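Here are my notes on the model. Please read them with the structure open.

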Amino acid sequence: MEKKEEKKFQPISATTAAFPSFSKLLATVSLTALPIALKKLHHEFIAELPSDVLKRYVKQSGLKNAQVIAQSGVTKDYFYGIQTGKRKPSREKTIQLCFGLQLNAEQSADFLKKMGHNELYLRDERDLIIAKHLESGLSLAETDDFLEEHGYDTLLKG
């Protein structure tokens, strides 16, 4: 019985230009060896985990976990679920964490991206309001009050 030769991936230039290891992987690794190769290169392909991002931002903020929890309106269990890697926060919860971490609009954009979400879209009225409140250093409660007064979904009440 003749053994079939397995096809190898061909490099995709536009996608892989910035990731030489990825390009090499596509060009040289067979399908059966792909899982093993991915494990070896995990750090290059997988973005920083939300748990690590949150821990780093809390540390940089100089705040205690309890302060972030209180200011963000997320439950203690939810917060620690993120920190332990058991939960991936939704975009809404991530925005709440931006308030808890006392991030400005630019820092919030970075945090949202690193947590795997779209940054605040300034052409969306609700997102613009949230960004302005973050930039002004207003609290989550103040932001929710403003959103509610103007007929938008709040962050805490949905």
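At what angle do H9 and H10 pack, and how far apart are their axes?

1. Helix packing. H9 and H10 pack at about 120°, and their axes are 8 Å apart. Axes here are lines fitted to C-alpha atoms, for helices over the stretch in contact, with angles from 0 to 180 degrees between N-to-C directions. H9 is therefore oblique to H10. On this scale, angles under 35 degrees count as roughly parallel, over 145 as roughly antiparallel, 65 to 115 as roughly perpendicular, and the rest as oblique. From H9, the contact uses Ala105, Glu106 and Ser108; from H10, Ala131, Leu134 and Glu135. Contact means heavy atoms within 4.5 Å. By class, the contact residues are 3 nonpolar, 1 polar and 2 charged. Ala, Val, Leu, Ile, Met, Phe, Trp, Tyr, Cys and Pro count as nonpolar, Asp, Glu, Lys and Arg as charged, and the others, Gly among them, as polar.

2. Basis of the values. This is a predicted model: local features need pLDDT of at least 70, side-chain atom pairs count only at pLDDT 80 or more, and totals for chains, interfaces and linings use all residues. Residues are numbered from 1 along each chain as its sequence is written, and side-chain values use heavy atoms, with hydrogens and water left out. Helices (H or I, at least four residues) are DSSP runs, numbered from the N terminus.

3. The term means a side-chain nitrogen of Lys or Arg within 4 Å of a carboxyl oxygen of Asp or Glu. Glu92 and Arg126 form one of them, with the closest N and O atoms 2.7 Å apart. Glu92 sits in helix H8 (residues 91-100) and Arg126 in helix H10, so the pair ties together parts 34 residues apart in sequence. Arg126 is buried, at 14% relative accessible area. Glu92 is partly exposed, at 26%. Buried means under 20% relative accessible area, exposed over 50%, and partly exposed in between (1.4 Å probe, protein chains only).

4. Salt bridges involving lysine. Lys114 pairs with Asp110, the closest N and O atoms being 3.0 Å apart. Both residues lie in helix H9 (residues 105-114), 4 residues apart, about one turn of the helix. Lys114 is partly exposed at 32%, and Asp110 is partly exposed at 28%. Another salt bridge joins the side chains of Lys113 and Glu119, at 3.6 Å from N to O. Glu119 is partly exposed too, at 34%.

5. Asp127. Where does Asp127 sit? Asp127 belongs to helix H10 (residues 125-135). Its relative accessibility is 5%, so Asp127 counts as buried. A polar atom of its side chain lies 2.9 Å from the backbone nitrogen of Tyr121. Leaving aside neighbours within four places in sequence, Asp127 contacts Arg91, Glu119, Leu120 and Tyr121.

6. Gln102. Check this backbone. Gln102 has a positive phi of about 60°, although it is not a glycine. Gln102 lies in the loop between H8 and H9.

7. Leu140. Leu140 is in helix H11 (residues 140-149). Leu140 is buried, with a relative accessible area of 3%. Beyond residues up to four places away in sequence, Leu140 touches Gln71, Ser72, Gly73, Gln96, Phe99, Leu155 and Leu156. The C-alpha atoms of Leu140 and Leu97 are separated by 9.4 Å, and the two residues are 43 apart along the chain.

Methods:
Helix = DSSP H or I, 4+ residues; strand = E, 2+ residues; numbered from the N terminus. Polar contact = N/O pair within 3.5 Å; in protein donor to acceptor, adjacent residues only side chain to side chain.
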